[in-house]
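Dear colleague,

Here is the structure I said I would pass on. Please look through it first; my notes follow.

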Amino acid sequence: MRFLPVNFNAIMVELSGLAETLALLDSLSVSPIFGIEEIIPAARTLMIRFRPAKISAQQLATEISCRDLQARGHA
């Protein structure tokens, strides 16, 4: 998992493949992180727009990196 800055209120999360991307998308749908405004999925990435006043990019990356991507939830 790699985190890339997009701008002041968006990060790109790069994952190893579609299965991890879908697992993270499911995880964020089932258990949202406060401050996320929008998630734009692609095959190996999620672009996440967030409110910097609610959560920093570093806090967001830390919370996302703790997610279990081995099993998909049911959104």
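A search of the whole structure finds four salt bridges, where a salt bridge is a side-chain nitrogen of Lys or Arg within 4 Å of a carboxyl oxygen of Asp or Glu. Please bear in mind that this is a predicted model, in which local features need pLDDT of at least 70 and side-chain atom pairs count only at pLDDT 80 or more, while totals for chains, interfaces and linings use all residues. Residues are numbered from 1 along each chain as its sequence is written, and side-chain values use heavy atoms, with hydrogens and water left out.

One of the salt bridges joins Arg 49 to Glu 38, with the closest N and O atoms 2.7 Å apart. This pair links distant parts of the chain, since Arg 49 lies in strand E4 and Glu 38 in strand E3, eleven residues apart; helices (H or I, at least four residues) and strands (E, at least two) are DSSP runs, numbered from the N terminus. Arg 49 counts as partly exposed at 28% relative accessibility, and Glu 38 does so at 32%; here buried means under 20% relative accessible area, exposed over 50%, and partly exposed in between, with a 1.4 Å probe and protein chains only.

Another salt bridge is formed by Arg 51 and Glu 37, whose closest N and O atoms are 2.8 Å apart. Arg 51 lies in the loop between E4 and H2 and Glu 37 in strand E3, so this pair ties together parts that are 14 residues apart in sequence. Glu 37, Glu 38, Arg 49 and Arg 51 are linked in a network of salt bridges.

Arg 2 and Glu 14 also form a salt bridge, with a distance of 2.8 Å between the closest N and O atoms; Arg 2 belongs to strand E1 and Glu 14 to strand E2, twelve residues apart. Those strands, E1 being residues 2–7, pair in the antiparallel sense over five bridges, where pairing requires that DSSP finds at least two bridges between two strands. A hairpin of two residues joins E1 to E2, and Asn 7 has Ala 10 in E2 as its bridge partner.

Which residues of H1 are buried? They are Thr 21, Ala 23, Leu 24, Asp 26, Ser 27 and Leu 28, and the buried residues of H1 pack against strand E2 (10–14), strand E3 (36–41), strand E4 (45–50) and H2. Leu 28, in helix H1 (residues 18–30), counts as buried because its relative accessibility is 4%. Not counting residues up to four places away in sequence, Leu 28 touches Ile 33, Ile 36, Ile 39, Leu 46, Ile 48 and Arg 67, contact meaning heavy atoms within 4.5 Å.

Arg 67 itself lies in the segment after helix H2 (57–65). Arg 67 is buried yet has no salt bridge, and the nearest side chain of opposite charge, that of Glu 63, is 5.0 Å away; Lys and Arg count as positive and Asp and Glu as negative, with His and the chain ends not counted. The side chain of Arg 67 does make a polar contact with the side chain of Ser 27, at 2.7 Å. A polar contact is a pair of N or O atoms within 3.5 Å; within protein, one must be able to donate a hydrogen and the other to accept it, and residues adjacent in sequence count only if both atoms are side-chain atoms.
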